[in-house]
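User: I am new to reading structures. Can you take me through this one step by step?

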2 protein chains.
Amino acid sequence: MTTSNHLLIVGSIAFDDLDLPTGEHRDVAGGAATYAALAASLLLRDGVRVVGVVGEDFPAGVLDAMKARGIDAGGVERATGKTFRWHGRYSADLASRTTLDTQLNVFADFRPQIPPSQRTSPFVLLGNIHPALQLDVLGQLQRPKLVAADTMNFWIEREPASLGELLSRIDLLVINDEEARQLSGIHNLVRAAEDIRRRGPRMLVVKRGEFGALLFDGAGPFFVPAYPLEEIVDPTGAGDSFAGGLMGYLAARGDLSPGSIRCAMFFASALGSLCVEAVGPARLLAANRSHLAARIASFAKLVDHGGDLALPT
Amino acid sequence: MTTSNHLLIVGSIAFDDLDLPTGEHRDVAGGAATYAALAASLLLRDGVRVVGVVGEDFPAGVLDAMKARGIDAGGVERATGKTFRWHGRYSADLASRTTLDTQLNVFADFRPQIPPSQRTSPFVLLGNIHPALQLDVLGQLQRPKLVAADTMNFWIEREPASLGELLSRIDLLVINDEEARQLSGIHNLVRAAEDIRRRGPRMLVVKRGEFGALLFDGAGPFFVPAYPLEEIVDPTGAGDSFAGGLMGYLAARGDLSPGSIRCAMFFASALGSLCVEAVGPARLLAANRSHLAARIASFAKLVDHGGDLALPT
């Protein structure tokens, strides 16, 4: 691949304390940027760059594992203090979760600095951080080809002005269904998507967890299911793996056609489905391209109707 | 089409009182058999037969409308008394509903009698009635080619023995996700499906409302989305329209291959999506095959990824 296809990912790197129905896990390396980068690296070899911040307590081993996967972690700042920490408890069916504790720590003062060599990255994924910081990152970049962003209810409620400015400057917004409803004030997702796309992003992906994801891009809605797994261990990071897979695929192909974006949705969902098969990013760390290819083949069967949808005579 | 492809539908015919967010509607002709037959008749011309019961108060016009669509309603018994009546209220987002009143009326003593000329029907859809009655219908039939059945939480709780016997004698069970979980006692749908298929039906369809439907048939799971509509007016009957569309397609094609069944899932979902666009069965009554073909074309776009799901190099 050529250097023109680099993907820059900016976002959180964290310790997660996870109370799962199958057990409690502490100090699990996580964060949106971690999941997204690991997912993307399965599709975009030696082209993923991460910008984030960790504290003095974050193990070098995790960053080394990212580097071993060809991820450039040179933009990960190590600051004085502790790493961002999230503690969540999942319901018995894993369908909902409660935040028990959030400690921003070094993330509270995070001001992303994009290394000069990475400012020409053509593909950019802005993880869920303050929209003013997402805008600041955009200001550091030189004519990216495709900018995607995530956000959350907190910013939708409290920072509508800077979020509105961000929306006008990105190509692709990747959020979940409740965020799409909250952002637009419209319950129906088709009309919510029309509203959001009018505010700027020409593409919107609405993630629905175990119910799949919808793409709205002006070429008609497109749907990709979540893969029906026999066992889901830990949903943490699935949405970020989805976003990383989506952008990693697009960067690797360097093709932004509607067909390419529709294929990217499958790789995104496949990476989300791999992510949830183990605690934290363990499955993504263990996965290789053969595993991903096998999952994609299963996905193809999941939706392959054989092509003949004519009415019977 | 040949007479060998007839579809027999046995189930409820009802008056529904519908409290929708958009208004209250009274005496809406409905019932599982009504929705299923109307949906199937768009795919299987002059081949759908309905067996059910109505009271003296049920308007001839509704049965005439079915006949005008080529549905044989000769097996609909008119009994002394009032028609089965259901009163439900939907939540503002239409995602849930509460039963306010159920009056079984003539349905309480319903003992389906299959007209002798219909006992060789090769395709059979047993709507949600007492499993002992579903079994009784099967006893009246001569070697059907494909038997599908629906059921509900009430029978799962109270009639496990006769329901178990029914499961051992049908080919296809069409239920929703909560029913699949309740029937199997397993939350994970993949494992729930394995459990249910071990009890008899070689095929299981799990309906998930606005989140689509899953087919489990031993050839790997298959998923079809619900069509993302700009406006949903009334979800009543969508699941029955789905089941009717599924069986109508299979009867019309007379082909039970995995490919045919996967195509049938799209027609099923398309008919469910048409159903919810108006109050009661109004949209199904107004729809013709051109409307269905247009919806199927939109569906094809919704899932068409272009066929190339190779990993980018």
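**A chain, its partner and its sheets**

User: What radius of gyration does chain A have, next to that of a compact globule?

Analyst: This is a predicted model, and chain A has 313 residues.

User: What does the C-alpha trace of chain A span along its principal axes?

Analyst: The trace belongs to a chain with eleven helices and 13 strands. Along its principal axes, the C-alpha trace spans about 70 × 45 × 40 Å.

User: What share of the contacts in chain A with a separation of 6 or more comes from residues 24 or more positions apart?

Analyst: Contact means C-beta atoms within 7 Å. Take the contacts in chain A with a separation of 6 or more. Residues 24 or more positions apart account for 67%.

User: Which kind of axis relates chain A and chain B?

Analyst: Chain A can be laid on chain B by a turn of 180°. The shift along the axis is 0.0 Å, and the RMSD is 0.0 Å. That relation is the one given by a two-fold axis.

User: Which residue of chain A has the C-alpha nearest the axis?

Analyst: The C-alpha in question lies 3.0 Å from the axis. It is that of A:Phe211.

User: Which helix gives the most residues to the side of chain A that touches chain B?

Analyst: Here 40 residues of chain A are in contact with 39 residues of chain B. Elements giving two or more residues to the chain A side include helix H7 (189–198), strand E13 (222–224) and helix H8 (238–253). One helix gives the most, with eight residues: H11(A).

User: How many nonpolar residues does the side of chain A that touches chain B have?

Analyst: Sort that side by class. Seven residues are polar and nine are charged. The nonpolar residues number 24.

User: Which strands stand at the edges of the four-strand sheet of chain B?

Analyst: The order in this open sheet is E3-E2-E6-E7, with mixed pairing. An edge strand has a single partner strand, so one side of it is left without a neighbour in the sheet. The edge strands are E3 (23–30) and E7 (97–103).

User: Which residue stands opposite B:Leu20?

Analyst: Strand E2 (residues 14–20) of chain B pairs with E3(B) in the antiparallel sense, over six bridges. In E3(B), the residue opposite B:Leu20 is B:Gly23.

User: Which strands stand at the edges of the nine-strand sheet of chain B?

Analyst: This open sheet has the order E5-E4-E1-E8-E9-E10-E11-E12-E13, and its pairing is mixed. Each edge strand has a single partner strand, so one side lacks a neighbour in the sheet. The edge strands are E5 (72–78) and E13 (222–224).

User: Which residue stands opposite B:Ala149?

Analyst: Strand E9 (residues 146–149) and strand E10 (residues 172–176) of chain B run parallel, joined by two bridges. In E10(B), the residue opposite B:Ala149 is B:Leu173.

User: At what angle does helix H6 of chain B run to E10(B)?

Analyst: Helix H6 covers residues 177–184 of chain B. H6 lies across E10 and strand E11 (203–207) of chain B. Its angle to E10(B) is about 110°.

Terms used. Residues are numbered from 1 along each chain as its sequence is written. Chains are lettered from A and ligands numbered from 1 in the order in which they are written. This is a predicted model: local features need pLDDT of at least 70, side-chain atom pairs count only at pLDDT 80 or more; totals for chains, interfaces and linings use all residues. Copies are superposed by least squares on the C-alpha atoms of residues with pLDDT of at least 70 in both. The radius of gyration is taken over C-alpha atoms; the globule rule is 2.2 Å times the number of residues to the power 0.38. Two residues are in contact if their C-beta atoms, placed from the backbone, lie within 7 Å. Ala, Val, Leu, Ile, Met, Phe, Trp, Tyr, Cys and Pro count as nonpolar, Asp, Glu, Lys and Arg as charged, and the others, Gly among them, as polar. Two strands pair if DSSP finds at least two bridges between them. Axes are lines fitted to C-alpha atoms, for helices over the stretch in contact, and angles run from 0 to 180 degrees between N-to-C directions.
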